[in-house]
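Thanks for coming. I will take chain-level totals to begin with, then a few individual residues.

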Amino acid sequence: MKLNIEGLLVYFPYDYIYPEQYSYMLELKRTLDAKGHGVLEMPSGTGKTISLLSLIVAYQRVSSAFPLDVTKLIYCSRTVPEIEKVVEELRKLMEFYAKETGERNNFLALALSSRKNLCIHPEVSSLRFGKEVDGKCHSLTASYIRAQRHVNPNQPVCRFYEEFDAVGRQVPLPAGIYNLDDLKDFGRRKGWCPYYLARYAILHANIVVYSYHYLLDPKIADLVSKELAKKSVVVFDEAHNIDNVCIDSMSVNITRRTLDRCQNNVDTLQNTIQKIKETDAAKLREEYRRLVEGLKEANVARETDIYLSNPVLPDEILKEAVPGTIRTAEHFVGFLRRFLEYLKSRLRVHHVVQESAPQFLKDIFDKVCIDRKPLRFCAERLQSLLRTLEIADIADFSAVTLISNFATLVSTYSQGFTIIIEPFEDRTPTIANPVLHFSCMDPSIAIKPVFQRFQSVIITSGTLSPLDIYPRILDFRPVTMASFTMTLNTFNVCLCLVALSSKFETREDFAVIRNYGNLLLEMSAVVPDGIVAFFTSYVYMENIVASWYEQGILENIQRNKLIFIETQDAAETSMALEKYQEACENGRGAILLSVARGKVSEGIDFVHHFGRAVIMFGVPYVYTQSRILKARLEYLRDQFQIRENDFLTFDAMRHAAQCVGRAIRGKTDYGLMIFADKRYARADKRGKLPRWIQEHINDGSLNLTVDETVQLSKHFLRQMAQPFRQEDQLGLSLLTLEQLESEEMLQKITQIAHQT
Amino acid sequence: MDDQGCPRCKTTKYRNPSLKLMVNVCGHTLCENCVEMLFVRGSGNCVQCDTPLRKSNFRVQLFEDPTVDKEVEIRKKVLKIYNKRDFDFPSLREYNDYLEQVEDIVFNLTNNIDVENTKLRMEQYQRENRDIIQKNKAKLTREQEELEELLLLEQQGNEQRRLEALQEEQRQLQAKKKNKQALLDELEQSQLPATILLAQHKVRAAQLETQIEQQKQAVKPTNLFSTGIQMRQTVSLQPVPRIEEVLYHYKPLQVETYGPRVPELEQLGRLGTHGDSSTTGDLSWTQPSSETGELS
């Protein structure tokens with residue numbers, strides 16, 4: 001259908017539209033008009049992706065009329081399946097365009113992923129791990145390897161890359177929609193490398209779909225996304241965890257093993273330098289000359305020379321020359337050695353140390369006479385050295401790269417980072433396992449370039465409440481912040497807050513565990529098909545399951561349903577998931593016991609009968625004793641005026657909402673949501689749940705006992721089991737174009753968006 | 001790390017966790033016991049390289065690699081002499097060359113390359129630059145100054161926060177004390193029965209408690225984001241009004257000159273430029289008009 005959204009003609013590839021989708025597009029358009037950033041929350045399963053795509057594509061189409069508008073859409077998602085899903089939606093939209101307008105438009109949209117997912121080289125693509133693929137690919141495509149081939153024709157190179165390099169750049173990728181497989185097919189047909197083709201094509205593509213890391217991780221972003229146009233719209237989908245992604249991309253953890261591997265790296269470097277000095281001293285002299293001139297020139301690298309890692313360096317550093325202390329190769333290796341020994345000596349602690357970056361720098365100067373400036377150049381210098389030494393397999397050098405990144409970061413940022421050295425893990429205080437955490441506490445450092453560079457950044461997810469906390473922790477100013485609810489003709493969510501407690505003090509209590517067991521047992525008798533139960537941690541789950549076993553509760557449950565358990569092992573978990581789905585397909589259904597913040601809670605959808613009930617046992621707080629978390633909380637309080645408790649509750653609630661939201665994946669879906677903890681009833685917790693969940697909380701569903709819950713769910717499930725027709729929905733939660741245009745409906749729609 | 005040991009008596013850290021390893025200027029390790037035994041007379045030769053050593057120069061080994069210990073020792077010594085700062089040089093390039101030279105000296109001394117000559121060079125340098133060395137002794141490099149400043153700021157921040165917390169606590173204590181005193185006074189002077197007074201006091205105490213609790217929670221709000229934008233600033237959600245303007249459309253200009261007819265463009269080249277005012281006027285607008293014509 002064709003929609004008119006404040007004067008913008010939007011093609012929407014479906015015959016019906018949800019009112020909230022219309023409202024969402026309205027807000028989105030206003031954000032784009034204002035050329036600002038936006039935070040939009042809309043429940044999962046209401047067609048966020050297609051609303052986003054159809055509006056932005058429409059916007060791009062008219063932008064030829066308004067020359068300063070949007071030219072490119074960068075859509076960031078989390079996982080490869082999600083990326084593929086987006087591309088499929090886009091394909092549908094484009095087909096609709098072609099049908100309606102009758103002309104083939106020249107839109108180019110493509111997905112980009114790692115080499116592992118895109119490689120078509122027969123040997124390289126058969127490798128199992130992403131790192132291996134990257135390393136092998138690099139050893140075939142690096143510029144000096146290819147240069148050597150001129151001298152020595154037996155040097156193996158990647159023919160796909162050669163072919164692409166020879167002709168691929170002149171011919172732009174024909175317009176169309178490409179997912180990963182399409183790219184591979186295209187690459188095979190032409191004999192071009194799909195990965196480099198995609199990386200080259202994103203520069204002129206209209207729509208790029210890729211993972212967060214390509215924008216947020218400074219090392220990758222510098223390679224891939226550096227040249228993307230300013231007039232782009234960036235969308236972060238499923239962005240409720242975006243602050244953690246930012247923080248992870250800037251943090252470095254160094255263990256004893258890293259240092260040992262680094263030691264080996266440094267030894268190899270030294271040997272290689274010795275060898276080269278004897279055979280080809282001119283090469284080192286040439287590098288030396290370049291370094292004297294300054295890094296800017298040394299930095300002009302070919303696109304394949306990915307010695308990775310360029311943590312956000314201020315530009316003025318690149319323009320300056322490398323300090324004399326690390327200019328020659330031997331001196332630099334000696335420098336690395338000293339730095340390494342210093343780190344080793346720091347790791348030999350017996351108690352926890354926490355210090356700021358300036359303190360660390362002062363100490364390192366006192367101990368091993370390393371200045372701040374050479375440290376700052378460390379990452380760049382190492383890259384230059386690796387390039388000069390022509391080391392083919394960079395995967396081996398990840399340890400020393402990590403260390404040099406750490407050196408650069410610690411000397412560049414005096415604020416927003418903290419150094420914590422722990423001699424052992426908290427859970428195993430007898431086993432010495434020293435770790436140096438260099439942890440970033442300010443997510444805005446990693447994301448700042450994105451907000452600065454791009455015209456509009458949209459952060460959207462099903463769970464972003466409370467909305468105002470994201471602009472604060474990411475330090476940006478949104479022009480729109482809106483939360484949308486799901487309009488429903490019937491209540492297909494039943495929310496129960498069960499008055500049990502799993503406060504830390506009482507959670508090992510026998511009675512509490514038994515009550516939880518009873519709840520699950522009763523529900524397993526009432527609910528058809530699948531039930532998903534979430535615990536707060538793996539340890540807690542193990543404890544509870546063990547004592548359920550002793551109390552005979554498990555046995556009773558198994559009379560009703562099969563039980564599957566998520567473990568920390570990914571392979572085991574996916575096996576359990578598969579069998580769980582099989583059990584839901586036939587038979588009396590199953591129960592999946594899993595953990596909030598685990599793999600299941602983040603990425604797996606339980607549509608329809610796979611999840612008829614979700615039970616959340618306890619409040620999924622993070623492990624609050626961790627020092628990194630404590631440091632971060634302190635930083636948040638000092639810098640952003642966010643109280644510790646507020647942040648912890650916010651974090652717990654977004655995970656709880658994420659878990660519970662797994663069950664409802666659309667309007668025809670229904671499910672029970674049970675929060676089994678009385679702390680959820682408190683106003684401070686309830687207020688932080690997304691609005692679409694809050695709306696279903698009424699006084700009748702608060703503080704229930706197990707029996708009351710069972711009664712309520714029985715009633716609810718019987719009601720929901722009645723046949724459900726589309727006609728019932730029409731006009732209420734599903735609109736045709738005529739209905740949409742009626743005055744009354746437009747009035748209603750304006751109320752959907754909840755501004756904050 | 002457990003496999004480190006004394007090369008002479010072969011004791012390792014694994015067998016004797018309290019083993020203390022020592023290093024001397026040559027960079028070879030010995031355990032404390034062996035040092036005591038071999039250097040009873042205060043000096044002697046290194047077991048491994050025969051360098052004459054003094055007992056007083058033995059240091060506890062800080063790093064796993066004894067050569068790093070040696071290097072740091074040498075470096076500290078060299079840096080005491082070579083202490084020029086970046087502002088002593090006219091350009092960055094020269095400073096960097098100087099730094100490299102220093103690095104060379106340290107490298108040579110650590111790896112026993114050309115030791116004699118290097119030492120001579122150092123002595124010569126020391127003689128030549130005595131003044132500067134003396135002058136720079138007290139000075140820090142600019143970067144170190146910055147570091148010190150940062151550290152100072154950090155300390156001040158911490159101190160201030162601690163003080164604030166302390167003051168807050170004191171204030172609360174005082175408020176409580178005052179409350180108690182008020183109760184005593186009232187009990188002394190008031191005509192009301194004691195039970196009522198006590199009840200009143202209880203209510204007041206509870207109020208105080210909640211007040212304190214609230215104060216604790218209310219963190220001082222700052223009114224600026226780090227970007228310099230006011231917090232709680234009302235953000236307009238209205239779309240930016242798009243100015244509905246008709247794009248500029250070029251129309252050829254008609255000027256009534258009342259003079260002789262303006263020559264055509266191609267004629268101009270042939271006839272040459274005249275001082276005629278109408279011609280120059282003609283030229284001056286042909287230039288921009290061709291651009292606007294393209295735009296429209």
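Chain B has nine helices and five strands; helices are DSSP runs of H or I with at least four residues, strands are runs of E with at least two, and both are numbered from the N terminus. Read from the N terminus, the order in chain B is β-β-α-β-β-β-α-α-α-α-α-α-α-α.

On provenance: this is a predicted model, where local features need pLDDT of at least 70, side-chain atom pairs need 80 or more, and totals for chains, interfaces and linings use all residues. Residues are numbered from 1 along each chain as written, chains are lettered from A and ligands numbered from 1 in written order, and side-chain values use heavy atoms, without hydrogens or water.

Of the 296 residues in chain B, 26% are buried. Buried means under 20% relative accessible area, exposed over 50%, partly exposed in between, with a 1.4 Å probe and protein chains only. The accessible surface of chain B (Shrake-Rupley, 1.4 Å probe; for residues, only the protein chains shown count as cover) is about 21900 Å², and carbon and sulfur atoms hold 53% of that.

Contacts are heavy atoms within 4.5 Å. In chain B, among contacts with a separation of 6 or more, 45% join residues 24 or more positions apart.

Now chain A. Thr258(A) sits in helix α13, residues 256–279. Thr258(A) counts as buried because its relative accessibility is 10%. Leaving out residues up to four places away in sequence, Thr258(A) touches Ala399(A) and Leu402(A).

Back in chain B, Val47(B) is in the loop between β3 (43–45) and β4 (52–54). Its relative accessibility is 47%, so Val47(B) counts as partly exposed.
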